[in-house]
Amino acid sequence: MNTALIRRSTKLWWRKPGIAFQCQASAVQLFSTGSYASKRRDLQGRIDELVEVQQRDKFHRFLLGLQGRTFDVKHANLPSGLDEKSAELLLRAGFGTFLLHVEARVASLIGEGFYTIGPCGEELVGILGLLSRASDPMALHYRHVSVQLARQLASGRPLDQVILDRARSYVCSQLDPVTGGNHCAIGGTAYDFYVTSTLASQAPPAVGRALATRLAPRLDKSKAKFPRDAVSIVSLGDGSVNNGMFLSALNLSKYAQHRGFKCPVLFVVTNNDICISLKGHGYMKKFASDAGVKLFSAHGDGEDLDQLWGETQSAINFVRSQSKPAMLVLDKLPRRFGHAATDRQGMYLSDDEISNAVESNPLEATCLWALKNGLVSSPELLLSWWTSTQQVVEESFQIASKEPKISDREHIVSCTQAPLVPLPVSSTTKDFYKSDDRSTRKLRKKQPMRVLMNQVFKEALSLNSNCVYVGEDVRHGGYYRVTDEISQLFPERIQDFPPDETSLIGIGMGYAQAGLLPIVEIPYAKYLDCAADMFFESIMTHWCTSGKQTNGMVIRLQGFDKGVFGGNFHTHNSLYLPPGLDVVCYSNGVDYVRGMRHALHQASEAGRIVMSVDSTDLLHRRSLFNDEDTEWLGSYPLDTDENDQFMLDFDTVILYGNPTSPKERSYVSSSTSQHGADVVIFSYGNGIPTSLRAAKSIVESSSKSVCVVDCPTLGVVSKGMRTILENNPDAALVFADVCKPGQNPFAATIMGLQCEGILENFKWQCATAAATYNPLGCTLTFLNEDDIKTAARKIVDFATNFN
């Protein structure tokens, strides 16, 4: 075998008329304008040098060598279901997996393919696709192509369709049913869940789906996505078990098992004892024995197919019947051709190790085993399956390469987030709140923000039978009493889990995918950092799948901004605003209720992820200007009146035209409302009472008129903001941001306004919190009135100074 090809690390160039291509670390990039077939012909010599192609041809010769031979059938006592049909499906899926990878390498060499992570050596994992049910939710590691092929073939899909869809993913065709050309991933049905290239990120949502499989049908059968006895299956490589997200998922499943919660999740780990260049040193065996869940193990080298089938079957049956987690470890799986085309194996493996892996083909042993056990009637049948599959694979790549690819930025951006759904034409609470009801009359009393928040979650759980509230300390009422008494009303739908934010976001994703409407509480804004990767993946899923998969949920982020307790880790004032996430921060209880109704509506009906950020200092606030007033109390918006603002959408801002009288406020979106103020202060959350106090000081100390605009949707240029700017063309603008500079939402808003040329004719300043961290016991680092007034002084010519 030519190991030199695998070990090549120098950069070389070849030239032919009209063609130039570069080889580095065995990966070749082509620059040519011909068709797929013509490029293939022009580069046939280089294609023949690919080790994958050489091994494909070697296996073809192996099958030719079997022709005419007869085999003594053992008539062994085979496991249930392991028959001629299943053997055919397994081998066809295995052949397809091998040949797809070979052609993916060819496509990469000729400049038509963009994904070369190899599944060869793990073809027999396809058994998982045959023994699971088509309705079992499944998330597959990117090397487990054979499972996808076997599962779809078993469902009755024609081979040419299955292979063509997979070829589309390698060449980034927009017709790829999984990602629409955005990436290369495994899937294709409503029960296949997208898996990224991030290690083990598929595991926490899989446990979430498992927890939801029994819960969702019980709460609302009409909205449940999975059968009541489904098994949540997630697969990964042995290297991934070391990743924090897998450890989080495994711990969550063990916790569920300990508590007696139904958690039918099967972790399938394929062990080739190497993670890119890091050898496993046999650690997987120790890890599995200490995992704390029911363990099943088998060999995947093809020498003992009935044992592999039997153990896989037992693992699935155990999880389904017991509703408990389990782990299936498949050993003796070679990584035949390195991790990917760019993998420089020669830098960390010996020639013998490389050669042994390349020559270890589990399909050879499987073919012989199937012939000796009477599951394949003749070697001729094997050869016909192989040659027909090879033809389908090569034709599929040619077809897929001609299909449209993503060619414009607007299309890419359009995939980022699900479109908003219209607001309901009328209030959904009219029949819920009775005017003469005692509890309804009580809601009309003015209350602090925390009380109104508590009621809107009671309302949400009452009106949405599939709504579930998840957190770490929520059943007893939470740190700020926002969920007081709710667990008594909805004992099954207010759920506490251990303090692991990765698990919480994973549960939210899994619940949403199972048909539930999750509200996920993160106890403090800083703690979201602990779930960063899971958080970003939940948001990216819509884009990665070109809108085919959504994770509609509301994330309630509390413990934000101003406070004297807990220091920076409980008063964190930095926010993430990635594309695909709606972020809102309300300044008072009335707007919070209306905004939360809208957030839940968009999460439920559009599948959007909305993060609501709660300002701790506002939750119990009663006064605004002095300790005696009750300006910041509000009555619960029952919205039984047709003229009431039932929901507060993302485009609406709230205008305080007279800062000395904050009750005089109006909702502004696209309607025209002339105001003509000298100074306009934009803010949100804690910044609104701070801005109102600053504005009152300016008004009382000068002849200038000032208005304050509450912009609860963060990081965007809303219609309401545009209207305010149109109506105040001569105003000086102050953006009062409660976050630190560089991590402040108004930075994105200002950039948007600048790019559109809207700010060209305005004088403006941005006031922020201090560029540091927040100490325990004082509020010096937070945005204050002086910051806002100082910013105003820089851009306004005041007749008199103000204090």
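Analyst: The sulfur of Cys766 has its closest cysteine sulfur in Cys739, 10 Å away, which is too far for a bond. Searching the whole structure turns up 0 disulfides (a disulfide being a pair of cysteine sulfur atoms within 2.5 Å). Cys172 is in no disulfide either: its nearest cysteine sulfur belongs to Cys184 and sits 7.4 Å away.

Bear in mind that this is a predicted model, where local features need pLDDT of at least 70 and side-chain atom pairs count only at pLDDT 80 or more, while totals for chains, interfaces and linings use all residues. Residues are numbered from 1 along each chain as its sequence is written, and side-chain values use heavy atoms, with hydrogens and water left out. The protein chain has a mean pLDDT of 92 (the predictor's confidence in each residue, from 0 to 100), and 93% of its residues reach 70 or more. Residues 1-31 have a pLDDT below 50, and this stretch has 78 contacts in the model beyond near neighbours in sequence (contact means heavy atoms within 4.5 Å).

Now the helices (DSSP runs of H or I, at least four residues, numbered from the N terminus). Helix α5, residues 84-109, crosses helix α7, residues 145-154, at roughly 135 degrees, and their axes come within 8 Å. Axes are lines fitted to C-alpha atoms over the stretch in contact, with angles from 0 to 180 degrees between N-to-C directions. α5 and α7 are therefore oblique to each other (under 35 degrees is roughly parallel, over 145 roughly antiparallel, 65 to 115 roughly perpendicular, the rest oblique). On the α5 side the contact includes Leu89, Arg92 and Gly96, and on the α7 side Val145, Leu149 and Leu153 are among the residues involved. By class, that contact of α5 with α7 splits into 8 nonpolar, 3 polar and 1 charged (Ala, Val, Leu, Ile, Met, Phe, Trp, Tyr, Cys and Pro are nonpolar, Asp, Glu, Lys and Arg charged, the others, Gly among them, polar).

α5 also packs against helix α8, residues 159-170, at about 30 degrees with the axes 11 Å apart, so α5 and α8 are roughly parallel. Here Arg92, Gly96, Leu100 and Ala104 of α5 meet Leu159, Ile163, Arg166, Ala167 and Tyr170 of α8. The tally for α5 with α8 is 6 nonpolar, 1 polar and 2 charged.

Further along, helix α9 (residues 203-219) and helix α10 (residues 244-259) have axes that come within 7 Å and cross at roughly 20 degrees, so α9 and α10 are roughly parallel too. Ala203, Pro204, Val207 and Leu211 of α9 meet α10 residues including Met245, Phe246 and Leu252. That contact of α9 with α10 has 9 nonpolar, 1 polar and no charged residues.

Note on methods:
Helices (H or I, at least four residues) and strands (E, at least two) are DSSP runs, numbered from the N terminus.
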